[in-house]
Amino acid sequence: MKNKKVVVAGATGMLGSQIVEELLGQGAEVTAMVRSSSNTDALVKLGVKNFVVGDMMDPASLKKALSPKHGFDVIVASAAGYTRRKKGDSAATDTIGYKNLVDATKEAGIPRFVLISILESDKAKSVPHFYNKYLIEQYLKEKKQPYIALRPGAFLDQTPDFIVDKVRKGIFPTFLTGTYGIIYTPQLAKYTAMAAVVLPDTELNTSIDIGWNKPVNETILASAFSKVLRKDLEIKPVFPSFVLKYVLPVISKFSENMADMYQMIKWIDTGVYISKDPMRQKELFGELPTVEESVKQYCTDRGLI
């Protein structure tokens, strides 16, 4: 299964670059699909030697980037436009851009599309950037493009990271008040690489929930951090309750991004954002990460222990 030719869309992102690193570690021949304006220095340092230029909002560029002459076996798509972290990002990337990418993949005859979707995205109609992932899963089916969709829960690590500085001060910051599934980016990157080059074709055309061995809430996470760091932490919300209750609803009327985030918080707090089939993940990828070992890995990576 090694030496597969894998092209990664979204390779310069936080998750995409870690997927690239995992793929290289598993012996894949990696090509990064980047925009003409992208800074590729970090990917070159990782060992990426092959690049193609493609913009998800430009079908002609995708046709050239994914041309059959490259002989790609797999495409991995981890791009996320709604974050608007880079010039050219927009919510349209998650809808029109992804459809363009599926169309170009199908036309090029690439036999596997690995999509980073979102846990329970089919139930998240009120959260556009969640539900759009489900719509792309449906589009892959409609176009009969063979695929594997990984559906992770919330990310322990964020950009920017709002945990590190706070826990150094004895505070555990909380963003969500409910119970939800969760994953750490390096873990998802590993599973994504496995979905690209290890899982057999018999596992195609499926969506797989991805997360830890149990859902978490602020108490469970704070307790795990306290145990790993061997110190007591005070739980404090990132947003005071009056901001969530009164300020965000007003701001969300004038900001598409803020409206999306406000709806996301409300939806997650309903308790639906939990894996319904963790055994499927275990069957395909091995034992699920525990809360404590995941938090320990995070703390080690951040130099907290």
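Is Lys227 exposed or buried? At 56% relative accessibility, Lys227 counts as exposed (exposed means over 50% relative accessible area, buried under 20%, partly exposed in between, with a 1.4 Å probe and protein chains only). The model is predicted, so local features need pLDDT of at least 70 and side-chain atom pairs count only at pLDDT 80 or more, while totals for chains, interfaces and linings use all residues. Residues are numbered from 1 along each chain as its sequence is written, and side-chain values use heavy atoms, leaving out hydrogens and water.

The side chain of Lys227 meets that of Glu292 in a salt bridge of 3.2 Å, N to O (a side-chain nitrogen of Lys or Arg within 4 Å of a carboxyl oxygen of Asp or Glu). Lys227 belongs to helix α8 and Glu292 to helix α12, and the two are 65 residues apart. Helices (H or I, at least four residues) and strands (E, at least two) are DSSP runs, numbered from the N terminus. Glu292 is partly exposed, at 36% relative accessible area.

The structure holds 14 salt bridges. In one of them, Asp157 pairs with Arg302 at 3.8 Å, N to O. Asp157 sits in the loop between β7 (154–155) and α6 (164–168), and Arg302 in the segment after α12 (291–301), 145 residues apart. Asp157 is buried, with a relative accessible area of 2%, whereas Arg302 is partly exposed at 27%. Arg302 also forms a salt bridge with Asp161, at 3.2 Å, N to O. Asp161 lies in the loop between β7 and α6, so this pair ties the loop to the segment after α12, across 141 residues of sequence. Asp161 has a relative accessible area of 25% and is partly exposed.

A network of salt bridges links Glu120, Asp122, Lys123, Glu137, Arg151 and Lys276. Glu120 is located in the loop between β5 and α5, and its phi is near 55°, a positive value in a residue other than glycine. Lys144 likewise has a positive phi, near 55°, but lies in the loop between α5 and β6 (147–152) and counts as exposed, at 64% relative accessibility.

Leu101 and Ala104 are among the buried residues of α4. This helix (residues 96–108) has 13 residues and reaches 18 Å from its first C-alpha to its last, close to the 18 Å expected at 1.5 Å a residue (1.5 Å times one less than the number of residues). The buried residues of α4 pack against elements including β1 (5–9), β2 (29–34) and α5 (128–142). Just after α4, Gly109 takes a positive phi of about 75°.

Asn213 is in the loop between β10 (206–210) and α8 (218–229) and is partly exposed, at 41% relative accessibility. Not counting residues up to four places away in sequence, Asn213 touches Leu288, Pro289, Thr290 and Val291 (contact means heavy atoms within 4.5 Å).
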